[in-house]
Amino acid sequence: MENLIINEKITKGQLPKNSVSIANHKIISIADEKIISDLLPQKFGKAGKIWVGVLTAICLVGLYAYYRQLRYGLIVTSMRDYVSWGIYISNFVFFVAISLVGSLITAVFRLAGVKWGSPLTRIAEIIAVAAIIFASLIIIVDMGSPERFYYLFIYGRIQSPIIWDVIVITTYFFISILLLYYPLLPDIQILLRFKQSTGKRLYRFYSFIGSFWKGTPEQFRLSEKAINILCITIIPVAFTIHTVTSWLFATTYRPGWDSTNFGAYFISGAFLVGAGAVVVAMYIFRKAQHLEKYITEDHFEKMGRVLVLLALLYLYFNMNEFLTPFFKMKESEAEYLNGLFSGNFAPLFWFAILIGMIVPTLILLFKKGRKPLPVFIAGIMVVVGAWFKRYLIVTPTLLHPFLPMHDVPESYRHYFPSWEEWAITLGSLAGAMLIITILARIFPIIPIQETITEQHETTK
Amino acid sequence: MKPQNKSIATLLTIIFLLSGYKGFTQTAQKADLSIAVNYFISNNKVPRLMVKVKTKVNGRFQNVAGISLKLFLDKDTAGKFIGKVVTNDDGEATAYIPPSLKSQWGNSLKHIFVATFDGNKKYESANGDVTVAKAKILIDAGSDKTITASVFEMKDTSWVPVKGVDVVLAIRRMGADLAINDTPAFTTDSTGKASGDFKRDGIPGDAKGNIILVAKVLDNDQYGNLSVEKTVPWGAKFTMVNLFGKRTLFATRDKAPLWLQLIAYSIMFIVWGILVYLVFNVFKIKKIGEDITAGIKKQ
Amino acid sequence: MNQENNSRRDFLLTGIAAATLAVGCNSKKDAFEAGAEDGAVASGKKIKLLSVDGEVIEVDEAFLKPVPHLPPVSNTEARIGIPGKKFVMVIDLSRCKNLKHCQSACNHAHDLNPGENWIKVDPMQSADHTAPYWEPTTCMHCDEPPCVKVCPVDATFKREDGIVLIDSDRCIGCRFCMAACPYSARVFNWGEPDILAEVANQLYSAETSIPQKKGTVGKCDFCADMTREGMLPHCVSACPNGVFAFGDMNEDTVTNGTETFRFSDLIRDKAGYRLMEDLGTKPSVYYLPPVSRNFPFESGLENDKTQNS
């Protein structure tokens with residue numbers, strides 16, 4: 001009975017304005033068809049194939065390095081008793097930071113009523129999912145006894161911040177998947193129309209995840225509601241994931257980590273690197289899939305402004321983090337701070353501050369600096385700066401313990417990652433990019449349905 | 001010999017000498033062992049023998065483990081065999097006197113305890129002994145917290161007091177004994193008595209305040225090691241205050257603080273409740289879609 | 001002859017460990033003989049011995065213990081600790097000249113790999129014009145251990161007797177405890193430990209900390225297996241200068257093997273202190289300041305060079 005009523009409603013054209021039933025093929029205009037054909041996922045071209053090949057190769061080298069690490073133990077790394085956390089943990093923090101972008105672009109923009117952001121939501125969500133997957137993988141890589149990973153679930157101790165992190169990363173992963181999935185449903189229906197060009201396996205996959213979407217008003221209502229709930233839920237969870245990650249450090253006594261500023265410092269940094277990653281991805285997808293009409297110069301202009309805001313915010317928290325201890329120069333922190341400001345780590349430290357925050361801000365403050373290419377360059381600077389910033393958060397502190405580094409072999413007193421560490425780290429970065437690439441191959445990188453809807457609204 | 005062969009032979013000789021050097025010294029020169037036999041009596045009951053084996057390495061004595069020793073009473077003959085022992089990591093081994101030596105034991109007031117080692121690949125044969133006269137020690141604790149120890153020696157058939165023996169008066173503690181005051185040892189007078197005042201007021205005892213006093217003669221040339229114990233209620237009553245098993249941040253997983261569990265689990269419950277609802281929502285949407293498909297097929 | 005053989009069978013007391021083994025004819029519970037206390041459940045099997053008076057008396061076998069060591073305790077017992085004890089260590093800085101006998105005894109006893117020291121002897125100097133001194137550091141066995149707080153899987157734990165131990169069969173190797181420990185007491189088995197197969201194949205016990213395992217954390221365990229038998233930790237007995245004193249806080253007594261002190265008097269008279277008191281970790285290791293030293297600081301330098309190259 002109910003089905004009949006719905007069908008009746010559709011045939012009578014009693015549709016809500018923001019929903020377009022493509023299933024009935026009646027309301028689709030030529031303009032819409034153009035959008036669909038523009039935004040449909042494209043098979044890899046030559047460049048795409050090379051790109052995937054290179055990423056896969058890097059991943060394989062990383063896998064080989066990990067095999068060596070499994071076989072011989074963490075001895076293959078350069079980590080030792082003092083620097084017991086190295087670039088794996090830096091990289092973990094970096095991934096967690098980037099994953100925060102899903103909540104920024106999608107949830108914050110949506111709840112704040114920022115309309116221009118909608119073409120960027122899918123990019124942000126894909127990045128978030130890829131980053132969170134590799135954040136959890138890299139933490140397993142860092143474990144000395146990874147075969148006992150499941151102990152975290154059967155012997156989990158709620159007092160430990162690591163367990164909080166495990167819980168919140170799992171939660172964030174599921175929310176990110178849902179936030180990727182819900183807005184995909186209308187697009188899946190469009191994708192299913194192109195059975196021929198899709199290929200059999202992919203078609204079956206589309207059918208499996210979304211063949212039930214008919215675009216009825218009720219379905220739209222339920223989906224809208226779900227996305228709204230998700231957007232509200234993801235913000236506190238996203239804040240938690242990065243705050244808890246900062247607590248892995250801030251719950252210790254170590255100079256440089258023992259800071260009440262750490263949660264906010266990490267979150268502001270995460271928003272910055274996330275936004276940076278999105279502008280880089282925007283630029284690349286725009287070039288690769290010829291999306292100039294959909295990711296416009298205006299998007300770069302606006303994302304440029306957002307980046308400036310976030311960079312200044314992060315700079316502010318950096319000031320808080322370093323100026324006050326510098327002013328006091330406590331004995332336990334003096335050597336660590338001097339190491340950063342003028343010692344061994346100074347080049348890296350000032351690189352991260354300048355390239356990660358100040359130079360991008362200077363570029364983006366100018367109108368000409370907010371053209372796609374400069375924004376892209378600024379984005380790369382932000383991301384690279386952010387990676388080294390994470391390195392600086394982890395390593396220098398560990399090289400400045402309270403008691404002198406004594407009665408240990410010489411190799412324990414400094415740290416430079418071994419080739420295995422670099423290979424695994426680069427492999428994980430390549431892996432994250434590979435996941436982004438594959439997801440962009442499977443799903444439309446710009447939400448088709450939403451674009452059509454918005455098109456209709458603007459023409460009206 | 002060809003020059004080539006000659007050089008090879010020289011080389012081989014050098015290699016042989018270099019590699020064999022250590023071995024030569026080992027076989028040529030076995031190390032010497034020093035065997036010390038110590039005699040202990042606790043509470044005037046069972047005599048105990050403790051053998052300690054050491055060797056000198058680079059001018060320093062080191063304990064030797066795994067040395068098999070035979071112990072004899074008075075003479076190393078079969079009929080006077082006490083037992084066979086092997087030293088542990090600390091170079092020590094312990095034995096008691098078996099009942100089979102009852103008559104031999106009663107024969108004399110003085111005994112020699114002999115430990116023999118037959119020698120092995122690394123060490124020369126060696127032996128050690130100790131001569132001990134039968135003695136006993138008594139302890140008495142007065143109500144004025146004075147502790148008196150009395151040392152007696154067996155002469156003919158009776159116990160006679162011994163003068164000039166150093167006695168340690170102490171409180172039994174883990175791994176060692178704490179002297180009752182700052183005097184390390186007291187010497188017996190002509191009545192065989194040595195007294196000291198208990199100056200460890202407030203020292204923790206057991207739940208009832210009991211502590212164990214001990215009077216000891218240590219490494220005496222004639223009597224070996226004698227000790228005797230006495231329990232007195234002079235300690236402070238001790239009740240264990242223990243954080244173990246309390247709900248703290250450093251307790252085990254089943255002892256997590258309640259406030260933490262409450263906060264953590266309620267947040268998890270709410271968030272995962274929402275997530276489960278949203279997954280359920282997908283199925284709701286699916287149901288609608290499937291109903292439509294079914295409807296179209298019917299038509 | 002036959003009789004002798006029988007008695008010999010009764011008396012093949014091979015390799016008894018404890019010098020202070022309980023001869024429990026008076027079979028009362030002896031609080032000072034930890035070994036006797038734990039094993040002092042009368043086995044019912046009597047052994048005939050000769051008494052000093054020449055009498056043959058019967059003694060319960062359990063009080064003689066002709067075994068070198070107590071069998072390793074179960075994991076559950078190892079996690080609870082020795083009842084009624086609260087272990088404490090006092091390190092007298094005025095006696096240390098960096099001989100490192102503590103370190104080598106510890107490394108030997110726990111089969112540690114070179115470079116992996118549970119005891120470190122640090123040259124300390126707080127400021128340019130303050131006097132340098134040698135400071136041996138062990139695990140502090142804190143009463144509010146920051147390392148235990150952060151362990152995600154209960155692999156490291158605080159016991160009733162104050163000892164903080166590691167269960168290497170549980171440890172996942174996340175190394176959070178190492179980051180959390182302000183005393184840098186913890187070490188990690190980065191690779192496969194280079195130990196004899198017979199050691200490596202032993203069943204792991206948290207009290208002996210043997211064998212160390214790849215990918216897990218290790219640290220000073222206050223020689224929990226030794227203290228269970230009423231003996232002193234290896235570092236304490238190895239030090240020729242009596243730097244380390246160990247004991248039961250509940251008995252208010254510490255000993256370095258040759259000298260025995262009342263703990264509270266010692267701490268009061270020599271102004272004992274603990275490291276990094278401001279962090280609130282409440283360590284179980286106390287230090288006596290390096291005043292009226294037995295050795296000049298320089299006497300330890302030579303040894304430092306050879307061991308730290």
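How do strand S3 (residues 87-92) and strand S10 (residues 244-248) of chain C pair, and over how many bridges? They pair in the antiparallel sense over five bridges.

This is a predicted model, in which local features need pLDDT of at least 70 and side-chain atom pairs count only at pLDDT 80 or more, while totals for chains, interfaces and linings use all residues. Residues are numbered from 1 along each chain as its sequence is written, and chains are lettered from A and ligands numbered from 1 in the order in which they are written.

**View 1. The open sheet of chain C has five strands in the order S12-S11-S10-S3-S13.** Strands are DSSP runs of E with at least two residues, helices are runs of H or I with at least four, and both are numbered from the N terminus. Two strands pair if DSSP finds at least two bridges between them; in this sheet the pairing is mixed. Strand S12 (260-262) and strand S13 (285-288) of chain C stand at the edges with a single partner strand each, so one side of each is left without a neighbour in the sheet.

**View 2. Four strands of chain B form an open antiparallel sheet in the order S5-S4-S7-S8.** Strand S5 (81-86) and strand S8 (126-133) of chain B are the edge strands, each pairing on one side only. Strand S4 (residues 68-73) and strand S7 (residues 110-117) of chain B are joined by four bridges. The bridge partner of Lys70(B) in S7(B) is Thr116(B).

**View 3. Helix H17 (residues 372-398) of chain A is mostly covered.** Of its 27 residues, 20 are buried, a residue being buried if 20 or more other C-beta atoms, placed from the backbone, lie within 10 Å of its own, exposed if 12 or fewer do, and partly exposed in between. H17(A) bends by about 25° at Leu392(A), and Pro396(A) follows within four residues. The bend is the angle between axes fitted to the seven residues ending at a residue and the seven starting there.

**View 4. Pro296(C) lies in the loop between S13 and helix H11 (301-307) of chain C.** Pro296(C) is exposed, because 11 other C-beta atoms lie within 10 Å. Pro296(C) and Arg95(C) are 201 residues apart in sequence, and 9.6 Å separate them in space, C-alpha to C-alpha.
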